[in-house]
Amino acid sequence: MAARKKPDAGADEPEGAGSPLLRALGERVRERRRAAGLTLRDLGVASGVSERFLVLVEGGKANVSVVRLDAIARALDTSASALLADAPTEAPRAAAKGPLVALLGLRGAGKTTLGSRAAARLGLPFVELDSLVATRAGMSLTEIFEMHGTAYFRRLEREELARLVARGDRGIVATSGSLVTDHETFELLRREAVTVWLRARPEDHFQRVIDQGDARPMASRPAAMEELRAILRARRALYERAAHILDTSALGLERSIDRLVKIIHAASRGRLPPPPVG
């Protein structure tokens, strides 16, 4: 059976892909998206551009058309000319100071929203580990799982995390909801980063995903909420191994950001205890 062709899979990848201009454009798009607290999926829904193509754009591998660039810019509340003008080059990695802070939690915990806003307030880099994996693979997360399976995703996730650690990167990293289930990767994270579990009530996880414009969690799945509760119960002991627990349901958005900033300030001054053992 022939493989189904995906609409944006390579339509705009002529010569020039990977040029300094496209890399700079990709960095500008990524910065705008993170500042807005959007995931790649969120931006795809808002712009009408496929998640896979956005991966290529942010990776500097797609010579994006004017029409698509305009759609992306509008979704980011800016203009195509602003994305192209004075596009930044990659900042020296040594410029970022302080700890590497890793946010844990299921989808809907607030990792992208809190992480990007806390990073902006502190002038730190913010990165999504999922985005690094997608860029490395050159395809969306959905395609990674469909075409290569969970084991392949787990391997790339561990390798990308190891790259961050080896480079001495500092800042805030949002991890996948299931990272804690991979013992080797989770132990690497606990050794090398200040881990923070963004805890939330199941109802809040669910509603936040819906508020992002994704109705898939409840589509043809009447037991979706109970499934979510079961996942949280199964992973709770793992999440609780984080150095810090931040209850986003109890604190709300602004107080959660304040608390995260305080954790990072304390870590920067070396006042945090080592992560729990075992």
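In this predicted model, the side chain of Lys-111 comes within 2.6 Å of the backbone oxygen of Gly-105. A polar atom of that side chain also lies 2.7 Å from the backbone oxygen of Thr-175.

**Lys-111: position and charge**
- Lys-111 belongs to helix H6, which covers residues 111–122.
- Although Lys-111 is buried, it forms no salt bridge.
- The nearest side chain of opposite charge is that of Asp-130, at 6.2 Å; a salt bridge would require a distance within 4 Å.

**Lys-111: neighbours**
- Leaving aside residues up to four places away in sequence, the residues that Lys-111 touches include Leu-103, Leu-104, Gly-105 and Leu-106.
- Ala-174, Thr-175, Ser-176 and Gly-177 are also among the residues touched by Lys-111, as are Phe-126 and Leu-198.

**Strand S1: burial**
- Strand S1 spans residues 100–104, and five of its five residues are buried.
- Leu-100, Ala-102 and Leu-104 point one way from S1, while Val-101 and Leu-103 point the other way.
- In a regular strand, side chains alternate between the two faces of the sheet.

**Strand S1: pairing**
- S1 pairs in the parallel sense with strand S3 (residues 171–174) over four bridges, and Val-101 has Ile-172 of S3 as its bridge partner.
- S1 also runs parallel to strand S4 (residues 194–199), to which four bridges join it.
- On the S4 side, Trp-197 is the bridge partner of Leu-104.

How values were computed:
Residues are numbered from 1 along each chain as its sequence is written. This is a predicted model: local features need pLDDT of at least 70, side-chain atom pairs count only at pLDDT 80 or more; totals for chains, interfaces and linings use all residues. Side-chain values use heavy atoms; hydrogens and water are left out. Helices (H or I, at least four residues) and strands (E, at least two) are DSSP runs, numbered from the N terminus. Buried means under 20% relative accessible area, exposed over 50%, partly exposed in between (1.4 Å probe, protein chains only). Lys and Arg count as positive and Asp and Glu as negative; His and the chain ends are not counted. A polar contact is a pair of N or O atoms within 3.5 Å; within protein, one must be able to donate a hydrogen and the other to accept it, and residues adjacent in sequence count only if both atoms are side-chain atoms. Contact means heavy atoms within 4.5 Å. Two strands pair if DSSP finds at least two bridges between them.
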